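Colleague: I've just opened this one and I'm new to it. Could you walk me through it?

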Amino acid sequence: MDTRHIRHFMALVECGSFARASEVVHLSQPALSRSIQELERQLGARLFDRGRFGVVLTAHGRAALPHVRGLLAAAESLRQEVEAIDELETGELSIGTGPYPALALMDKVCARFVDQYPGIRLNIRTDNWQDLRLALLDHEIELFVADTGELSGDPDLDITHLPQPEVVVFCRHDHPLAREKGVVWGDLLDYPLAMTRVPEDMERNIQAMSAQQGGLKRRIECDNIAMLAAIVTGSKAISIAPRPIVADLLESGKVTTVSVTGIETLRTRYGVLQRCGRPLSPAAGKFHSMILEFANLEGSKNVAFKELSGKPRL
């Protein structure tokens, strides 16, 4: 099967009309129509319904779509590996990261990678772990770093656990709780709690801890860490994050940590995730090694980093 027909199929799916698709693939509309007809002939099924307002996939076309994406992803993977053989001088790498590991880990790894391999085009996606998993399985990224709590046991994923940073509760320097001692979880609920989206088991844990106060009601949810930090420094909101994320804010004195008893179960579970049974491209393999090197180096220098063990809950 000619990959040109496959690419023409995807162009038509994405553009929705022969006129727009022909411009994208630099073919005349009759030539594009002949290419699609040839693909339909090879498959023995009509893939598109043609009408006044464009084209839509038939049932056969919808069934073919995920396979077409897989074929294109495989072809692109082959192209990248061939290009990358010459000491990673050319090629492309797409990776993902959760909001928290994007700072104080992935940002530094990415900086080191592009410094050592400037010829590699690096595409970075920051998202929550659910969407990153889908992107990984759809071959949009090769690996990602995120919380592994909801993903452990997934047969489609291969997980490499990382050293874990200390999790701290923090607020602005003049917050009423900044001067308090013996703070417990219930005391935090008097103020808005600003957090990223959390795994379901951590959510259940938080809700259980908040049950005596009627549940966690005053909440701000945002996956943008810079915005969360700005909210905390500009209001009485409280947040929870790995210590490296707020290290600069703590050093500047804009925020301070709050010692809270009874929250030992709120811990990170970061790991590197890739597709099970699929070898990484040379560029992704080197990036994976850099993640482990940097994480272990920081773990050896900072006692706040602790190896994942047992069944921590974050």
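**Getting to know the chain**

Modeller: Let's start with a helix: Glu23 and Val24 are exposed, and they sit on the face of helix 2 turned away from its buried side. Keep in mind that this is a predicted model.

Colleague: Which residues of helix 2 are buried, then?
Modeller: Buried means under 20% relative accessible area. In helix 2 that picks out Phe18, Ala21 and Ser22. Looking down the axis of helix 2, these buried residues fall within an arc of 100°, so they line one face of the helix.

Colleague: Is helix 2 roughly parallel or roughly perpendicular to helix 3?
Modeller: Two packed helices are described by the angle between their axes and the distance between the axes. For helix 2 (residues 18-25) and helix 3 (residues 29-43), the axes come within 9 Å and cross at roughly 95°. Angles of 65 to 115 degrees count as roughly perpendicular. That makes helix 2, relative to helix 3, roughly perpendicular.

Colleague: How many nonpolar, polar and charged residues are in the contact of helix 2 with helix 3?
Modeller: On the helix 2 side you have Phe18, Ala19, Ala21, Ser22 and Val25, and they meet Gln29, Leu32, Ser33 and Ile36 in helix 3. Sorted by kind, the residues of this contact come to six nonpolar, three polar and no charged.

Colleague: Staying with helix 3, is Ser35 buried or exposed?
Modeller: Ser35 has its place in helix 3. Leaving aside neighbours within four places in sequence, Ser35 is in contact with Arg4, His5 and His8. Its relative accessibility is 6% and the cut-off is 20%, so Ser35 counts as buried.

Colleague: Which residues of helix 9 are buried, and what do they pack against?
Modeller: In helix 9 (residues 225-233), the buried residues are Ile225, Leu228, Ala229 and Val232. Seen down the axis of helix 9, they fall within an arc of 100°, so they line one face of the helix. Their packing partners are helix 5 (102-116), strand 7 (167-172), strand 9 (193-195), strand 11 (238-242), helix 10 (243-252) and strand 12 (255-258).

Colleague: What separates the C-alpha atoms of Leu292 and His161?
Modeller: Leu292 is found in helix 11 (residues 282-301), and at 24% relative accessibility it counts as partly exposed. Not counting residues up to four places away in sequence, Leu292 touches Thr160, Leu162 and Val272. Leu292 and His161 are 131 residues apart along the chain, yet their C-alpha atoms are separated by 9.2 Å.

Colleague: How many helices and strands does the chain have?
Modeller: Of the 314 residues in the chain, buried ones make up 46%. The C-alpha trace spans about 75 × 45 × 35 Å along its principal axes. The count is 11 helices and 14 strands.

Colleague: Over which residues does pLDDT stay under 50?
Modeller: The chain averages a pLDDT of 86, and 93% of the residues score at least 70. Where pLDDT is low, the predicted coordinates should not be read in detail. The stretch with pLDDT under 50 is residues 303-314.

Notes: Residues are numbered from 1 along each chain as its sequence is written. This is a predicted model: local features need pLDDT of at least 70, side-chain atom pairs count only at pLDDT 80 or more; totals for chains, interfaces and linings use all residues. Side-chain values use heavy atoms; hydrogens and water are left out. Axes are lines fitted to C-alpha atoms, for helices over the stretch in contact, and angles run from 0 to 180 degrees between N-to-C directions. Helices (H or I, at least four residues) and strands (E, at least two) are DSSP runs, numbered from the N terminus. Angles under 35 degrees count as roughly parallel, over 145 as roughly antiparallel, 65 to 115 as roughly perpendicular and the rest as oblique. Contact means heavy atoms within 4.5 Å. Ala, Val, Leu, Ile, Met, Phe, Trp, Tyr, Cys and Pro count as nonpolar, Asp, Glu, Lys and Arg as charged, and the others, Gly among them, as polar. Buried means under 20% relative accessible area, exposed over 50%, partly exposed in between (1.4 Å probe, protein chains only). pLDDT is the predictor's confidence in each residue, from 0 to 100. The arc is that of the directions from the helix axis to the C-beta atoms.
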